[in-house]
Amino acid sequence: MNPLGTLSLLLLQLAAILIITNLCGTLCARLGQPRVVGEITGGLLLGPLALGHLFPSLAALVFPPTRLHPLEVVSNISVVLFLFLIGAELDLTATRHNRGASLAITIGSIAVPFALGAAISPFLLTRFGTQHASHLGFLLFVGIAMSITALPVLARIIQERSKKTNAVDPAIASTALIVAAANDLLAWSLLAVTLTLIHNDALPATVFRLLLLAGYVIIMLFVLRPLFSRIYAATQDQPVWPWLVSMVAFAFLSARITEYLGVHAFLGAFLAGTCVPSPPLKSAIHQRLQPAIQFTLPIFFALTGLRMQREMFSSSGWSWLAIILLVAVTGKVGGAMLAARATGMPWKPALQIGILLNTRGLVELIALNIGYKEGIFSPALFTLFVLMALITTAMTGPCFDLSNRLRLTLSPSL
């Protein structure tokens with residue numbers, strides 16, 4: 001197809017994606033849900049779940065499977081910028097406050113859902129496993145998918161509620177955000193190790209790549225991060241735009257390096273974000289990048305929707321979705337709540353922290369798409385986990401409101 005035809009199709013696809021995702025986002029916002037829940041839903045509706053089922057000819061015309069590469073390129077750029085921004089907004093110093101409780105809840109909110117996910121992974125592998133899926137890689141990916149908390153979506157939920165009567169208690173909000181930040185950092189580290197393990201069969205090569213990856217993380221966090229801070233402190237009177245351009249270029253360079261190391265490029269972008277010095281520069285980067293990300297990120301949602309399977313909505317599909325949901329919610333809420341209780345926290349705030357950390361959202365979708373592209377998740381299992389991510393995110397607000405009406409009178413010492 002000629003370049004003009006390719007550009008025309010891309011513009012048509014972008015128009016359809018932006019219209020549907022914005023309409024769904026606006027509707028969800030009016031229903032008291034985070035806007036991102038609607039945007040994700042809108043992206044899913046453009047795939048086989050709705051458009052492909054109701055209007056197959058139209059779906060084939062607008063989103064032909066062989067003509068999605070331009071959308072893939074724009075989507076990847078958007079996710080790199082998004083994870084770079086998330087890394088920049090990650091306050092690593094905040095984890096030093098109330099370290100005991102935060103560490104305990106972090107471990108509980110990851111270890112319990114990971115263990116439960118690993119426990120059901122043999123059954124999922126038997127039913128949904130792909131032909132070339134590594135048993136170890138499958139187990140690790142399922143555990144990671146169960147363990148993730150979406151820091152940006154959680155932060156947005158807390159921020160939106162801060163102006164309303166159902167605001168989250170500041171102490172609970174602070175603890176949940178700190179744990180979510182640590183959760184994100186550990187989840188991406190686990191993902192990096194998992195990708196390294198499944199890409200190499202030979203043990204020496206795997207160990208070598210893991211050492212290279214560990215060395216790169218150490219250089220980023222303990223060499224480049226303080227170095228950039230010192231350079232910025234010495235040049236903070238200069239215009240900010242050279243820093244903006246340089247840090248964005250650094251994000252793509254870091255993404256390329258981690259991809260070369262056998263890990264996904266998205267991890268490199270996230271690490272580059274953690275190296276951004278100074279709150280003013282972080283704020284400037286947020287202001288410049290956020291509009292572009294808001295415009296392009298729905299493309300990622302749409303591509304996620306196009307990979308889903310409508311066939312999963314059979315009786316057995318609903319049963320497996322219920323099992324995955326039960327394991328995900330029980331593991332995340334229960335693990336975080338019990339860990340919080342072990343630190344002496346009363347039942348009600350412990351439960352509320354667990355509910356907040358059950359938010360998965362966009363970060364979960366990114367991990368699931370990586371698993372799909374790596375051949376770990378089949379389209380059927382991918383569909384189930386995407387629906388789990390959407391449902392657990394959507395239930396955060398209503399469940400938190402319900403917890404406010406509960407009368408948990410158990411003594412903190414029990």
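Which residues line the second largest cavity? Keep that in mind while you set up the view. The model is predicted. Rolling a probe the size of a water molecule over the atoms shows where empty space is left. Across the whole structure, a search finds three cavities of 30 Å³ or more.

**Stop one: the second largest cavity**

Select Ile144, Ile148, Asp184, Ala187, Trp188, Leu191, Val363 and Ala367; these residues line the second largest cavity. The space inside is about 40 Å³. Now colour helix H9 (170-199) and H16, the elements that each give two or more residues to this lining. H9 gives the most, with four residues. Switch to colouring by residue class: seven lining residues are nonpolar, none is polar and one is charged.

**Stop two: the largest cavity**

Move on to the largest cavity, with a volume of about 50 Å³. Select Glu72, Ser75, His264, Phe266, Phe300, Leu303, Arg307, Ile366, Asn369, Ile370 and Lys373 to show its lining. Then display helix H5 (69-89), helix H13 (279-306) and helix H16 (361-373), the elements that each supply two or more residues here. H16 has the largest share, four residues. Keep the class colours on: this lining divides into five nonpolar, three polar and three charged residues.

**Last stop: H16**

Leave helix H16 (361-373) highlighted. Which element gives the largest share of the lining of the largest cavity? H16 does, with four residues. H16 is also among the elements that give two or more residues to the lining of the second largest cavity. There, H9 gives the most.

Technical notes:
Residues are numbered from 1 along each chain as its sequence is written. This is a predicted model: local features need pLDDT of at least 70, side-chain atom pairs count only at pLDDT 80 or more; totals for chains, interfaces and linings use all residues. Side-chain values use heavy atoms; hydrogens and water are left out. On a 1 Å grid over the protein atoms alone, a cavity is a set of points where a 1.4 Å probe fits but cannot get out, and a pocket is an open set with protein on both sides within 12 Å along at least five of seven lines; lining residues have an atom within 4 Å of a point. Grid points are joined across faces, edges and corners, and a volume is the space filled by probe spheres set on the points. Ala, Val, Leu, Ile, Met, Phe, Trp, Tyr, Cys and Pro count as nonpolar, Asp, Glu, Lys and Arg as charged, and the others, Gly among them, as polar.
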